[in-house]
Amino acid sequence: MSKELVMDAADTRRLLDHTAQHLTGAPLDRPEGPLKVSGRATYAHEYAPENCAYGVLVRATIAKGRLLLLGEDVVRGVPGVLGVFSGDRFLRNPAQGTANQAPVQGAEQIEYLGQPIALVVAETFEQARHAAQSLDLRFAPEEDGAFDPEAEGTTVEAPEKKQQDFGDFDAAFADAAFTIDATYTTPAQSNAPMEPHASVASWDGEKLTLWGSYQMLKYNRNELADSLGIDPANIRIHAPYVGGGFGSKLGIAPEAVAAAIAARDIGRPVKIAMSRQQVFETTVRRSESRQRVRLAADKDGVLTGLAHEARVSQLPGEAFSEPVAQATHFLYGGASRRYRHEIARVNRPCAGSMRAPGEAIGMLAIENAMDELAEATGIDPIELRKRNLPDRHPEQDIPYSSRMLAECLDDGARRFGWDKRPARPGEMRDGEWRIGYGVASAARKNITSPAEARVTLTTEGDAVVETDMTDIGTGTYAVLGQIAADMLGLPRERVRVILGDTELPPGPGSGGSWGASSSGSAVLEACVAVKRELADRLGLVADGLVLSDGDVILDNRRIPLADTLGAGPISAHGVFKPGKTSKEYAQAAYGAFFAEVGVNDVTGEVRVRRMLGSFAAGRILNEKTARSQCIGGMVFGIGSALTEELVHDLRDGHIVNRDLAEYHLPVNLDVPQIDVHFLEERDDLTCPLQSKGIGELGISGAGAAITNAIRNAIGVRIRSYPATLDKLL
Ligand code: MOS
């Protein structure tokens, strides 16, 4: 790997391999863990500024049409009611499509059932809810709504850039020794973070403070400023703890804008929390998809062509569409390739990013199709995948920065006992359960994003790390602290990490699995600068400065770090920017999933009995939090394979199962022992930490290992996710 790389003196790659304490990578606990499990970590809704009023969102009860009347006279004079906000007063600048993922709102034009149309503010939450329910809403429904992405009259767009051809796919398909032509469907899904979206807004003159639950604060501040028509410099957002986001908190949501507008108007802080049903209907969802996959292979199972044609849905006018083929572009070879991407414009709640947008559902199709090809060719599914790993990116003709997919498949196979896989359905039994094994590749594009951080060495010899980066339950506090402790030779508990405040240097936010690599690299750069200054003060060259366990090691003497800081604290700003290598090399994290399922002969019930993941994602920054990310991703995989499905009513697009009772996330009894292993990998081309994103890797392909195992157990090929009982019996 990367033989052509020349290291120069300023190069900060590989520094973490030469620290005294080797803290980076260690499975250290989250420093904020005890606060979270004891209820002392403060989440957005728990901020209680003095004199705070409560807001409740009012939402459209039709799917398409116009709001004629709110009927606010009914609630005027109701005890406690402080204001009703709608139309222009509700959202000054309803910039459709540009407000990153914030659903259409505030306009009197209704585009989906559940769209926020007003806010009621009162002294107490109960009063606000009562008044919100008492409004006399009148609508003028329009008949031209589209609710079914597959219906005849639905408008379908095919963006030119996403219709791509390489070589001659039709010829490759016609000439192939083996072909697969299968259509897979995946349902809409809900991000379903545990903490509902909530905001508390408070003004002090021109200055707005917002306590919110968001993933990407530097962008969220700009979105909020745009919505309010004010200077972003006048907004401060706090989000020190975020109870999960999975993409639904990437962009500013209606409750934040509404709270800010109402608070300004009534001259008091305003707090709004979405109900669970509002989170389901009024934030974002993952689009359903229909994916036709065609594979063409020669007699040895080597792909000569592939086609991936998808249809997803979105509200009219919204820019985002699930990039279904994201992994297909780089994962397997085959000279002739075809992509089609259609967006059906429907009046359903806004589609947006949900954990691993693209790979999470695209790989359900591709990894299932590869299993079909393995069966057709009689080649072992692992061997088939290994035969189809291209030397260079098959479309861009650039090298891979690193790719240990084959190693992950082999490592996982060995640990899992793949050699015991039943040769045919029904061969392995456990009482009334038929047992099957399945495998799938894991792959997620590696993305990095500009990041800044400040690191300060105090005169007490402690360190403080500061950035507006968020920790959405992923381990940012843990990882940034251990990188700084490692670089500065401090015990971990002597580094304080402060996050989630837009007054701090702008981080990359938590999204696209880029957070740890990008913000960690900024912290590393800041530490390098701090060390340089300390070395200067001590009259040493930077390389000659050895720090360990809170001491400076000088000529075999240990001097407490604090004793060397008489001239005052040292503070430095670190900056990370994705380099040219992010374009010149195909970068992705890889892995392999293995699942053992039992399918009940009598009831058709499916149980995942074992699951194992073997991953290579560059340097692992904290083995414990990385493992947790992968386990969480694989639990998502169980959900997408077996239980999760947002059901839209075809008459009006509304979500039928809009709460956690009816939307079936896997619960403890659905989740077996999950084993996660990491292969040692360093990638010099991703970032100074040599790491890759890991937050979304564990979901990308996971569900296909389960449906492939079902096929192995009972011979039923699942092409419509999730694999509910009706599809198995
Ligand atoms: Mo992620 S879907 O970029 O939070």
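1. Helices α5 and α6 touch. Leu 224, Ser 227 and Leu 228 in α5 meet Ala 256, Val 257, Ala 260 and Ile 261 in α6. Here, two residues are in contact if their C-beta atoms, placed from the backbone, lie within 7 Å. Helices (H or I, at least four residues) and strands (E, at least two) are DSSP runs, numbered from the N terminus.

2. This is a predicted model: local features need pLDDT of at least 70, side-chain atom pairs count only at pLDDT 80 or more, and totals for chains, interfaces and linings use all residues. Residues are numbered from 1 along each chain as its sequence is written.

3. How do α5 and α6 cross? The axes of α5 (residues 217-228) and α6 come within 10 Å and cross at roughly 50°. Axes are lines fitted to C-alpha atoms, for helices over the stretch in contact, and angles run from 0 to 180 degrees between N-to-C directions. The two helices are therefore oblique to each other. Angles under 35 degrees count as roughly parallel, over 145 as roughly antiparallel, 65 to 115 as roughly perpendicular and the rest as oblique. The crossing of α5 and α6 is right-handed, a term for a near helix turned clockwise from the far one by less than a right angle, with anticlockwise giving left-handed.

4. Next, the sheet. Seven strands form an open sheet with mixed pairing, in the order β3-β5-β1-β14-β11-β12-β13. β3 (81-86) and β13 are at the edges with a single partner strand each, so one side of each has no neighbour in the sheet. From one strand to the next, the twist averages 20°. Two strands pair if DSSP finds at least two bridges between them. β1 (residues 53-59) and β14 (residues 270-273) pair in the parallel sense over three bridges. In this pair, Ala 53 stands opposite Val 270.

5. Gly 244 lies in the loop between β13 (235-238) and α6 (254-266). Gly 244 has 18 C-beta neighbours inside 10 Å, so it counts as partly exposed. The cut-offs: a residue is buried if 20 or more other C-beta atoms lie within 10 Å of its own, exposed if 12 or fewer, and partly exposed in between. Not counting residues up to four places away in sequence, Gly 244 touches Pro 193, Met 194, Glu 195, Ile 472 and Gly 473.

6. Is Gly 481 buried or exposed? Gly 481 counts as buried, because 27 C-beta neighbours lie inside 10 Å. This glycine lies in helix α11 (residues 476-488). Leaving aside neighbours within four places in sequence, Gly 481 is in contact with Pro 31, Val 465, Arg 492, Val 495 and Val 497. Gly 481 and Arg 496 are 15 residues apart in sequence and 6.8 Å apart in space, C-alpha to C-alpha.

7. Look at the hairpins. β24 (residues 546-548) and β25 (residues 551-554) pair in the antiparallel sense over three bridges. Two residues lie between them, and Asp 549 in the turn has a positive phi of about 50°. β25 and β26 (residues 557-560) pair in the antiparallel sense over four bridges. They also form a hairpin with two residues between them. Val 552 stands opposite Ile 559 in β26, and Leu 547 stands opposite Val 552.
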